[in-house]
Protein chains: 2
Amino acid sequence: MRLFPALFLIASVAAYAADSQQPAPLRGYTAEHSAAESAWEQKFRAMPDAARLRENMQRLTARPHHVGSPYDKNNAEWLLAQLKSYGLNAKIEQFEALFPTPKLRKLELLGADKFTAKLDEPVLDLDPTSNQKDEQLPTYNAYSRDGDVTGSLVYVNYGAPADYERLEAMGISVKGAIVIARYGQTWRGIKPKLAAEHGAIGCIIYSDPKDDGYGQGDSYPDGPMRPADGVQRGSVMDMPVYPGDPQTPGIGAVAGAKTIPLDQVETITKIPVLPISYADAKPFLLALGGQPAPNNWRGGLPITYRTGPSKAQAHLAVAFNWDRKPLYDVVATIPGSTLPDEWVIRGNHHDAWVNGAGDPVSGASPELEEARALGELLKQGWKPQRTIIYGFWDGEEPALLGSTEWVETHAQELSQHAVAYFNSDGNSRGLFGVAGSHSLENFINSVTKDVEDPETKMSVWKRARLAGDLGRDSDARAEDRNRADSRIGALGSGSDYSGFVHHLGIPSVNMGFGGEDEDGGQYHSIYDDFYWYTHFVDTDFAYGKALAQTAGTMVMRMADADTIPYQFTDQADTVRNYVNEVKKLSDTMRKQIKDRNSNIAEGAYAAASDPKKPTVAPKVDAVPPYFNFAPLDQAADDLTAASSEYDKALGSHPAAGAKADAVLMGAERAFLDPRGLPNRPWYAHMLYAPGLYTGYGVKTLPAVREAIEQKQWPVVDEQIARTAAAIEREVEVLRKATSAISAE
Amino acid sequence: MRLFPALFLIASVAAYAADSQQPAPLRGYTAEHSAAESAWEQKFRAMPDAARLRENMQRLTARPHHVGSPYDKNNAEWLLAQLKSYGLNAKIEQFEALFPTPKLRKLELLGADKFTAKLDEPVLDLDPTSNQKDEQLPTYNAYSRDGDVTGSLVYVNYGAPADYERLEAMGISVKGAIVIARYGQTWRGIKPKLAAEHGAIGCIIYSDPKDDGYGQGDSYPDGPMRPADGVQRGSVMDMPVYPGDPQTPGIGAVAGAKTIPLDQVETITKIPVLPISYADAKPFLLALGGQPAPNNWRGGLPITYRTGPSKAQAHLAVAFNWDRKPLYDVVATIPGSTLPDEWVIRGNHHDAWVNGAGDPVSGASPELEEARALGELLKQGWKPQRTIIYGFWDGEEPALLGSTEWVETHAQELSQHAVAYFNSDGNSRGLFGVAGSHSLENFINSVTKDVEDPETKMSVWKRARLAGDLGRDSDARAEDRNRADSRIGALGSGSDYSGFVHHLGIPSVNMGFGGEDEDGGQYHSIYDDFYWYTHFVDTDFAYGKALAQTAGTMVMRMADADTIPYQFTDQADTVRNYVNEVKKLSDTMRKQIKDRNSNIAEGAYAAASDPKKPTVAPKVDAVPPYFNFAPLDQAADDLTAASSEYDKALGSHPAAGAKADAVLMGAERAFLDPRGLPNRPWYAHMLYAPGLYTGYGVKTLPAVREAIEQKQWPVVDEQIARTAAAIEREVEVLRKATSAISAE
């Protein structure tokens, strides 16, 4: 999972007033149907039960349950039995995928201060599941290549692109070195990727206590934060190229699927990687020579952080069992009564790195409660119009394996039938955070106005919106004062929505509560378990309940509507902002390059260089040409117009129904370009993608934005044209939908 | 001393070009005289000698030489002998002032984890003067009141106004508590002042290793930075009210001067204060309960920083010998040949907290070399037109004692005769940093173009200007691209210029090199000594030489000119910026208060509050009225016009001479208002003052700016009027000077 996602961002006094007035009918519903729907939803929201959430968590986290482990399969079978006991039609869909596990892990500092890293998270007496050594995966980064390397060490801060620029300015190269990077800022897989691109031969990633340890709060078990020997496991596969089974890109890894040979897999790291604790990291950091690291590179250990290189050599050796392991996706279906060929999908993964209470069971357990409650409603006579699918995915942790293989296997059906995908992952306590497709922005706003925040008793929507105000001044708020809907973030990567939205163009949402507990404190450690979660996070499961209420209401409201309640004026407004951003980005980069070139020419770098700590002037860079943004500007304006027309039409014909839906299901799909993004065709969505060099972080209008960021000037105009064409396809869909509705 | 002052800030390509062309005649010089002057100055700049700088330092730092110590007097006598040996007319001027020294210092943590602070900087074998225990002042804060208090501890970060706002939002009060603050951000005297204003009963100040220790580089003696037991001594007198002898405010503390009783002195702290090392601070910080401190409050110790309060009580007891001690100012005079009644003054203090190599001998030793070189020039036939005074001040560390008493004693003569004051203090290695009166901005630019930076061989001016460019983008640079002069900072406080500029209105400059060495690493510690300085700072005295060359050239060029080379268009431009700033400040505060009030009304604070870490909404604040800035706008425009007229006139009559000078000497004095600033009449300059709640940091247009910052709305218009009147007085002086010159 990714840590807590982006929050609702904005506020409007007008909107608060609206919140407390008599509700208008739900979008896509007739007035009558709207009232009936609200009654069903209220019944639903009374059902999720904190005691059951707690029991579910205790059961699912009782033993380590990573991909391929006995308890992973056991959990899948238990989930299946539960879903069936709720009266739902459920099954396990099995796939298989490459999942390397370690057979050798060695890290030593050579020379006079010889030190061998412990690479072990110790048993804690207070924590009853921390002693399940036989079933725990050791600390490692999955999809690191095998390797045995020896070299000096260089500290690269977070190992992000800007960190390498800084090193270059200091005249420090990582060529032939082993880099040591701290966790944070970028997705972990970016660290070895960039290190290798800069010539490093190995990569160590450690958890610095400033970001992830006593710098944030008391260490476990006294408090929630990572202790000295705690380690963050995690995947380092190059998922921004494609996620899922590395040996079956683009196709479902069902039994007998054709696999590509291991040595042709491009998403395995180019250099060996190993994650370590800060107790293990300290001797390596102390061995670094060179200048004190820049101010914002300094972490929380009581040492002088230096860039290196080290005099002493480090020795890193890792080797893995490159096995294919079974995946057990548990899938329950509630057939639609009147629109069975329109599918509303809900998902959360069930596999973990170890016991996984926070990640993923704090999300999976509420999802299970939703399924139970929907089963109850069915018994009481509730009849969803559309088909509802509840998925409990396996193998999310290594590489979104279970969801991706499921999506790839069912690609054709999903493309025809899927209306929306609602994802969650870890859940904590506090404000509602959400990111998603902007055709669902209004829908998300509408649902969250109807769910109560357990702490403040405001609506979840109002609390997030008001709290978001505090950080913003009136100017920043002004542009949104007249905007009824709170903005939502866009989807990067880090959980199971990727196959749905980026590969197949299914409108998707990722959601959760968080921000008030140090819910990342034991992220991917053996200590992310029932004892820890119930002592330090959402201890009374009040927010587990709120998640079930929120996600379940989304599923119901989407499944029951007379017409799919997409809304496109928010989407158009968002696209216009993205277009403005990439235009500004190209101007900013042009200006920065000109400024830097003039600083080089004038000798400013030479003037600033300290002979005792010399810096190196950057190279003169070509000034970017001007680009033809006209197609994007035109498309954004066209989308604004078409979305407004559509909204007017739906307002007059809320029960347009199946004919309109048939067109509307093509709306998000219109953004797909079958050629995909440059050098990563699996990612086909032209609005959203995980950044090639950020991983978690989204890039919007990615083909254009990344071409500019990566200074690929000759292809920018072409990517503008492709992206504009995708938006114009959306415009066409909206025009057709408007006609279809108006014809009803 | 204050740490490294503000840098030159800007750059202009046009100006670089000008730099390398045939020089125009010096301002205030005829063309002929200008060439002769340049020849003398070149001779001068060849004279300062690194070996002598080193010898001077070794001699002056051989033993502790704080106010009242035997070696303080010994140094004064040695300086006197040196100056006389250079052929200069020199004397010691003796004053006396209150200077408390400790007789009791005790700090304990009570309760189960009882701990008694060591309060001692240990002897280091490598460092030959660290063992002079009998002569070292213990670690303490001078002008703390006596006191014996016991209470819980609260951590207040830097103890700045914003930190108390943050505590209030967290619902934490310091009432009845002992605060523990880290050094940094504000001047140290602000910490106990604000703590007392918020109801605290005691104040501990410690050096956090993040800011001042291993977080910055290796610890002494392996590297330059403060070790675990290192302590920063220093004054906590309320100098923003008035500096100098607390018992003789406004008058010279000569023998027999009338003193006010101790219990009527308002600048002694209201609560007891003690500085400690981070080794001593750690047990106290570990005793703090409450929530983890906000992210940017966390320092470099390997602990979870918390706000407190602590369960355990702390006990702080301090008592002092409240003695009056002698001060020995050493003053040398070179009589002016043609304009003996116009005085150019140069100064640096000679007293230290302990051995004081960095602070102040790295500045005093170059000053002595300047005096020697000027003595040589006199022998070679150089004849300065104006009188030159070289002052080596005593008692700067406790409260600018020696310079302030000298200024107060000679106030009348100085008001009649002083043309400029050039100050330095500690010196290090790197870029030239300077702040001063803006009538000298052009002069400073002119001098620094003629001094070579020893590392880059560019001019000192060009290096500072180019290096300043690196941090600024082309927009930020654009406004200054056509401005020939680099901007200089304004004078706050922290060294001996205060009496000259703030009290008497003498155009002043404070200067030094720095930024490349961790020159503050042993600030006010026993380890700021010859061994440390010669191993880690300006080890070859290249920048000591550069300081002598720069300051000495300033003195010569000012003393030799045909007309005082003040320039006022830079001053007018700066004043216009200040006026715009205070206008903007009032708008910003109005907006912030409105925003906050609307957040309170809408419930945003309640929405953001976490019940497990509740926050408190601020109180509704009165929205500020609009103010009448017309007088300031008018005055700024009048000054722009008058300065431009003056510059044109001087251009045509560079040798206007004594008659013009007589008027010009009133220029900076015009900014004085005899009533002084609100509640601190000693500070009479209406353009510059140290901030009442920043200490080191300057407040420009202080009467207006602080009235707004402190929300004293009813007095703002009145302070605008007074400040505008001061500027209009300056306009009058410039008009008279223009007439005087044109009449020549």
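Modeller: Phe95(B) has Leu327(B) as its bridge partner in strand 11 of chain B, strands being DSSP runs of E with at least two residues, and helices runs of H or I with at least four, both numbered from the N terminus. Strand 1 of chain B and strand 11 (residues 324-334) of chain B pair in the antiparallel sense over 10 bridges, where pairing requires that DSSP finds at least two bridges between two strands. This is a predicted model, in which local features need pLDDT of at least 70 and side-chain atom pairs count only at pLDDT 80 or more, while totals for chains, interfaces and linings use all residues. Residues are numbered from 1 along each chain as its sequence is written, and chains are lettered from A and ligands numbered from 1 in the order in which they are written.

The sheet itself is open and mixed in its pairing, with seven strands of chain B in the order 1-11-13-12-14-16-15. Its edges are strand 1 (89-98) and strand 15 (430-436) of chain B, each of which pairs on one side only. Neighbouring strands of this sheet are turned by 20° against each other on average, direction ignored, with axes taken as lines fitted to C-alpha atoms, for helices over the stretch in contact, and angles running from 0 to 180 degrees between N-to-C directions. Across strands 11, 12, 13, 14 and 16 of chain B lies helix 8 (residues 357-379) of chain B, which runs at about 145° to strand 12 of chain B.

The same surface serves both copies, since 98% of the contact residues of chain A recur in chain B; residues are in contact if their C-beta atoms, placed from the backbone, lie within 7 Å.

This contact takes 42 residues from chain A and 41 residues from chain B. On the side of chain A that touches chain B, the elements giving two or more residues are helix 1 (13-20), helix 13 (460-470), helix 18 (569-602) and helix 19 (604-608) of chain A, and the largest share, six residues, comes from helix 13 of chain A.

Methods: Contact = placed C-beta atoms within 7 Å.
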